[in-house]
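Here is a report on a structure.

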Amino acid sequence: MPIQAAHTDLASYAVQPAEGRGRRLYREEESPTRSPWQRDRDRVVHSSGFRRLQYKTQVFINHEGDFFRTRLTHSLEVAQVARSMARFLQLDEDLTEAVALAHDLGHTPFGHAGEDALAAQMQPWNGFDHNTQALRQVTVLERRYLAFDGLNLTWETLEGLAKHNGPVKKPAPWLQDFDAQWSLDLLSFASTEAQVAALADDIAYHGHDLDDGVKSGLLSLDDLVDVPLVGEVLADVRTLAAQYTDTPRKTQRVRHEIVRRVIHALATDVLITTRQNLQDLAPKTVEDVRAASAPVVAFSPGMAAANKGIRKFLFAKLYRHWRVNRMTYKAQRVTAELFTILAESPKLLPDRWQEAAFAGDDATRHRAVADYVASMTDRFAMEEHRRLTDLSIAG
């Protein structure tokens, strides 16, 4: 007899467990002890792709320091923010968390530097982007179950991965083919849960990139004075810190207090704005949210402008800092050389990937190489590059 906890407190605009579209790819009996989205979340957490996020770049290459964020810690922070917001809005927390934890599974080594290099190499072969790759990871590339490839996630979680940033009007060719077989309604908005996960991503990475930027020494607190929202928070925190004479306490904790307050301000604004949007729309079901003319989960106009200002500042002062540029250059070079070598000589691939590379035409071969390179951690990519280019290192 099923013993799943009842979701009696969900709002009408939430995805209702009893009305989910289920696992479309492969038929399975559902768990008697977990909801479908608890099960999705657990499958993501136990996947090989999720573990590899531990050694994939957020901003700083993995070996640059143990205390900087990685894709794994970023995903955990996104999930924490998203789940808190989902609870306030009376959404299904497990679905929200599943989308949040899985949203970066398609990222390459070396963060956006690696993705840009791989996208350039794959341009003649239908391109590459990490959102589509996340779907490939959970539907094709994971190899954990006897009965099927992938994780066989529910329709709602797959929809969230495909559309958490909004309707997909120009899907990548692979996503277009997937949608033709297993429609994800790409032209509509995603569920309220997936929309929450998308904005939690913005909130989390702005907070922790400010934190890592100051901690690394690439940014100073004085650099933040004129940044929208952040400058106001900095002024308040400095006033508060002035009462302490313990210099280590001030220098070590001011940064954390700034980040905490920035995240709180961003999240609170989303919740207030979203609640008003939902009141205006008055959706009776999640289908009304999907059919809306705009996302219901959003910043207020003023906070959207501040959020854009934070992003602009981070791009100019952190992501394009000359020291980061040097690592970006090296990362793109390593990624491009790995791809070129393996695409030209696919017999150098490990057996599993070689099998995929020789299973079809040139496009199939290049996609298999892209899948292999995208799966690598920072550390493995550097080691594999040395194995393929340095005669003094055994292959």
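Glutamate 287 is partly exposed, at a relative accessible area of 39%. Buried means under 20% relative accessible area, exposed over 50%, and partly exposed in between (1.4 Å probe, protein chains only). This is a predicted model: local features need pLDDT of at least 70, side-chain atom pairs count only at pLDDT 80 or more, and totals for chains, interfaces and linings use all residues. Residues are numbered from 1 along each chain as its sequence is written, and side-chain values use heavy atoms, with hydrogens and water left out.

Glutamate 287 forms a salt bridge with arginine 290, with 2.7 Å between the closest N and O atoms. A salt bridge here is a side-chain nitrogen of Lys or Arg within 4 Å of a carboxyl oxygen of Asp or Glu. Both residues lie in helix α12, three residues apart, about one turn of the helix. Helices are DSSP runs (H or I, at least four residues), numbered from the N terminus.

Arginine 290 also meets glutamate 159 in a salt bridge, at 2.7 Å from N to O. Glutamate 159 belongs to helix α7 (residues 155–163) and arginine 290 to helix α12 (residues 286–290), so this pair ties together parts 131 residues apart in sequence. Glutamate 159 is buried, at 0% relative accessible area. Arginine 290 is buried too, at 5%.

## Other charged pairs

The structure holds 30 salt bridges. Another of them joins the side chains of aspartate 222 and arginine 238, at 2.8 Å from N to O. Aspartate 222 sits in the loop between α9 (192–216) and α10 (230–241), and arginine 238 in helix α10, so the pair ties together parts 16 residues apart in sequence. Aspartate 222 is exposed, at 54% relative accessibility. Arginine 238 is partly exposed, at 36%.

## Helix α10

The buried residues of α10 are Val230, Gly231, Val233, Leu234, Val237 and Ala241. Seen down the axis, they fall within an arc of 155°, so they line one face of the helix. The arc is that of the directions from the helix axis to the C-beta atoms. On the other side of α10, Glu232 and Thr239 are exposed.

## Helix α4

Helix α4 (residues 93–102) is mostly covered, with 10 of its 10 residues buried. The cover includes α1 (36–45), α2 (48–52), α3 (71–88), α6 (130–141), α7 and α9. Contact means heavy atoms within 4.5 Å. At the start of α4, a side-chain oxygen of aspartate 92 comes within 3.1 Å of the backbone nitrogen of aspartate 94.

## Aromatic pairs

There are six aromatic pairs in the structure. The ring centres of tyrosine 26 and phenylalanine 148 are 5.1 Å apart and the planes are at 15°, so the pair is stacked. Rings of Phe, Tyr and Trp (its six-membered ring) pair if their centres lie within 6.5 Å; planes under 30 degrees apart count as stacked, over 60 as edge-to-face and the rest as tilted. Tyrosine 26 is partly exposed, at 33% relative accessible area, whereas phenylalanine 148 is buried, at 8%.

Tryptophan 174 and phenylalanine 178 are also stacked, at 5.4 Å centre to centre and 25° between the planes. They are four residues apart in helix α8 (residues 173–181), about one helical turn.

Notes
Helix = DSSP H or I, 4+ residues; strand = E, 2+ residues; numbered from the N terminus. Polar contact = N/O pair within 3.5 Å; in protein donor to acceptor, adjacent residues only side chain to side chain.
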